[in-house]
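Please look over the structure shown below. The report that follows goes from the chain as a whole to its ligand sites and then to some of its helices.

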Amino acid sequence: MPSVRARGSTISIPPYLRLWQAKRDGDGGFEVVPEQDDAPRYAFLGVRACELAAIAIQDKVFLGEEHHDDFYARRRENALLIAVHCTHPAANCFCTSVGTGPRAQGGFDLALTEVIDSRQHFFVVEVGSKQGSAVLEGVNVQPATDTQWQQAQEAVENAARRIHKHLDTTDIKDLLYRHLDSPHWEEVAKRCLTCSNCTMVCPTCFCHTVEDVTNLQGTVAERWRKWDSCFHVDFSYIHGSPVRVSEASRYRQWITHKLASWQDQFGVIGCVGCGRCITWCPVGIDITEEVRVLRRSEEGKAAQTVPKEESYANA
Ligand code: SF4
Ligand code: SF4
């Protein structure tokens, strides 16, 4: 089964996807053969609220009028999404900071809440679509009692209370834009390996590259779409050299896009608070902590610019 845990775009953009082929016809010409894309029907089980939010973000990216992607649209239409309202947040989750969880707010066909204690174990199911309703017809279910419904609500509320990691999103777009030339990016670059793990696990990242290949006889050419990352130096290659050569510029690009310019492009922040980039960073770089450092640097400057009289008055 495909997973939405490694990049949300798995649902929509497989890691490798052939877009078309071109074949020589023997008369010196060639024929372009569009990809016969079967768009497999996948069921995604256990999708969390943050992942649904990420899928909604990708819908904005790939289903917009300006850049409509047929490959994405077909896979998206065929997907069955069975969500689980989260009752066991991980240490790096911060969905509560960005308003995406732990309760799934929509976009599912069915949503389950697991209630388990020493006396009982059951699931409360919510129906989110006709497709979900049809699936449920084949399952032996009973209407939830008020008590069961209440217990399910409490399980999710308890989960929210156990989420302690926090991203302060106040004014975050302008905060990032104010720090385009911050020396902090050089400090991050000393730690960042530009391994691209963070982008490969992020459910909202969708960067990809396009490669053309031919067979050895030169009779067939193919165009492939492959996952890529803004952390790869070649990702910004144009006209003889990459635009973002330094590690500092690539980390700045990633976090600034995620938290700031994404809002200009798609009207939403590009982070759903899943915490995976933190979990999978081999050197422990934490997006919430990097934002905190930027804020602190401004607080420091603000303190330095306080007039002497005022700082005495506040002392
Ligand atoms: S996972 Fe960590 S080390 Fe790797 S590119 Fe991302 S921030 Fe840098
Ligand atoms: S927490 Fe990290 S991996 Fe998750 S959506 Fe935000 S940037 Fe992506």
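## The chain as a whole

In this predicted model, residues 24 or more positions apart account for 72% of the contacts with a separation of 6 or more, where contact means heavy atoms within 4.5 Å. The chain has 315 residues, of which 44% count as buried, meaning under 20% relative accessible area with a 1.4 Å probe and protein chains only. Its secondary structure comes to 12 helices and 10 strands, taken as DSSP runs (H or I over at least four residues for helices, E over at least two for strands) and numbered from the N terminus. Along the principal axes, the C-alpha atoms fill a box of roughly 90 × 65 × 35 Å.

Residues are numbered from 1 along each chain as its sequence is written, while chains are lettered from A and ligands numbered from 1 in the order in which they are written. Local features need pLDDT of at least 70 and side-chain atom pairs count only at pLDDT 80 or more, whereas totals for chains, interfaces and linings use all residues, and side-chain values use heavy atoms, with hydrogens and water left out.

## The two ligand sites

Ligand 1 is surrounded by 13 residues, the closest being Cys-192, Leu-193, Cys-195, Cys-198 and Cys-281, where a surrounding residue has a heavy atom within 4 Å of the ligand. By class, this shell holds 10 nonpolar, 3 polar and no charged residues; Ala, Val, Leu, Ile, Met, Phe, Trp, Tyr, Cys and Pro count as nonpolar, Asp, Glu, Lys and Arg as charged, and the others, Gly among them, as polar.

The shell of ligand 2 has 9 nonpolar, 2 polar and 1 charged residues, and among its members are Phe-94, Trp-254, Lys-258, Cys-271, Cys-274 and Cys-277.

## Buried positions in helices

In helix α7, which spans residues 184-191, His-184, Trp-185, Val-188 and Ala-189 are buried. These residues lie on the same side of α7, because they cover an arc of only 145° around the axis, the arc being that of the directions from the helix axis to the C-beta atoms.

Asp-59 belongs to helix α1 (residues 49-62) and counts as buried because its relative accessibility is 19%. Not counting residues up to four places away in sequence, Asp-59 touches Gly-64, Tyr-72 and Arg-76.

His-257, in helix α9 (residues 247-266), also counts as buried, at 16% relative accessibility. Leaving aside neighbours within four places in sequence, His-257 is in contact with Arg-252, Trp-262 and Gln-265.

Notes. Buried < 20%, exposed > 50% of the residue type's maximum accessible area, 1.4 Å probe, protein only.
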